[in-house]
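Please look over the model below before reading on. My notes follow as numbered points.

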Amino acid sequence: MKVVVLLSGGLDSATVLYSAKSSGYECYALSFDYNQRQVRELKSAIALCEAAGVVDSKVISFDLRSWGGSALTDDKIDLPVERSLAQMGENIPVTYVPARNTIFLSFALAYAETIGAERVCIGVNALDYSGYPDCRPDYIQAMQEVFRLGTKQGREGEAIKIVAPLIDMKKTEIIQLGNKLGVPWEKTWSCYAGNEKACGACDSCKLRLEAFAELRLIDPIVYQ
């Protein structure tokens with residue numbers, strides 16, 4: 001059984017990778033260099049692939065910075081820092097990258113159909129305070145229909161399935177699952193800032209640190 005795992009290098013996608021591995025799947029990892037601010041995450045994606053022993057891994061390159069539209073792809077848009085959880089949940093933040101998961105899933109679908117994979121796994125989470133529109137159950141359901149209608153495999157056989165195992169889980173629950181699966185947290189990366197050390201102040205760092213603290217665990221990555 002083959003599965004394509006969308007692997008950013010972050011906490012969530014690492015947990016999805018190790019979950020697929022523990023289920024006995026042959027894992028094929030797909031990561032993206034889209035000229036993002038936090039390109040440092042790709043080092044973690046590569047390290048996780050080596051640690052998990054994936055069958056194959058690919059980094060797909062394209063440039064979303066050419067039109068920007070997000071604090072992650074446009075340096076003129078300030079990165080939100082030191083926000084409370086309440087502030088994070090008020091509306092969709094400027095770190096939202098327009099249609100990013102649709103782009104990622106399109107690549108994953110093409111790759112999966114080519115290699116004969118049964119599943120595409122993605123680490124989206126609807127309970128994350130960022131509230132991105134392309135991380136919600138109705139979006140995943142809609143993309144599943146695209147997978148069915150937009151491929152030869154979907155029309156003539158059984159459609160490739162999108163699996164989002166973390167979509168209804170709290171960040172603390174994800175960490176607990178990752179601990180059971182043996183995810184090497186020290187190899188993961190969540191920071192949006194784009195430096196060699198995590199900033200500890202962006203939304204992603206804050207959510208990660210709060211979850212580890214709630215579980216009375218120490219986050220093993222290095223912060224500024």
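1. Burial first. A residue is buried when its relative accessible area is under 20%, exposed when over 50%, and partly exposed in between, using a 1.4 Å probe and protein chains only. Helices (H or I, at least four residues) and strands (E, at least two) are DSSP runs, numbered from the N terminus. On those terms 4 of the 5 residues of β1 are buried, so this strand is largely enclosed by the rest of the structure.

2. Ground rules. The model is predicted, so local features need pLDDT of at least 70 and side-chain atom pairs count only at pLDDT 80 or more, while totals for chains, interfaces and linings use all residues. Residues are numbered from 1 along each chain as its sequence is written, and side-chain values use heavy atoms, with hydrogens and water left out.

3. The sheet. Strands pair if DSSP finds at least two bridges between them. Here 5 strands form an open sheet in the order β3-β2-β1-β4-β5, with parallel pairing. β3 (56-61) and β5 (161-163) are the edge strands, each pairing on one side only. On average, neighbouring strands are turned by 25° against each other, direction ignored. Axes behind such angles are lines fitted to C-alpha atoms, for helices over the stretch in contact, and angles run from 0 to 180 degrees between N-to-C directions.

4. Strand pairs. β1 and β2 run parallel and are joined by 5 bridges. Within this pair, V5 stands opposite A29 in β2. β4 (residues 119-121) is joined to β5 by 3 bridges, again parallel. There, V120 has I162 of β5 as its bridge partner.

5. Helices on the sheet. Helix α5 (residues 137-149) packs on the sheet and touches β4 and β5. The direction of α5 makes about 155° with that of β5. Helix α1 (residues 11-22) lies across β1 (2-6), β2 and β4, and runs at about 170° to β1.

6. The cores. A nonpolar core is a set of buried Ala, Val, Leu, Ile, Met, Phe, Trp, Tyr and Cys residues joined through side-chain atoms within 4.5 Å. The largest one has 39 residues. Those with the most contacts inside it are V4, L6, L105, V120, I122 and F147. At least two residues of this core come from each of β1, β2, α4 and α5. Helix α4 gives the largest share, 7 residues. A second, separate core has 27 residues, including V5, A14, Y25 and L166.

7. V120 in detail. Which residues does V120 contact, leaving aside its neighbours within four places in sequence? With contact meaning heavy atoms within 4.5 Å, they are V3, V4, L105, A108, A112, F147, I160, K161, I162 and V163.

8. Aromatic pairs. Rings of Phe, Tyr and Trp (its six-membered ring) pair if their centres lie within 6.5 Å; planes under 30 degrees apart count as stacked, over 60 as edge-to-face and the rest as tilted. The count is 9 aromatic pairs. Y28 and Y111 are edge-to-face, 6.3 Å centre to centre with 80° between the planes. Y28 lies in strand β2 (residues 26-33) and Y111 in helix α4 (residues 100-115), so the pair ties together parts 83 residues apart in sequence. Y28 and Y111 are both buried.

9. A stacked pair. What is the arrangement of F32 and F104? Their ring centres are 4.1 Å apart and their planes at 0°, so the pair is stacked. F32 in β2 and F104 in α4 are 72 residues apart, and the pair links these distant parts of the chain. F32 is buried at 5% relative accessible area, and F104 is buried at 11%. Ring pairs also link F32, Y34, F62, F104 and F107 into a cluster.

10. Two further residues. P184 is in the loop between α7 (171-181) and α8 (203-214). P184 is buried, with a relative accessible area of 10%. Beyond its neighbours within four places in sequence, P184 contacts Y18, L48 and A51. V146 is in helix α5 and is partly exposed, at 41%. V146 and A159 are 13 residues apart in sequence and 9.5 Å apart in space, C-alpha to C-alpha.
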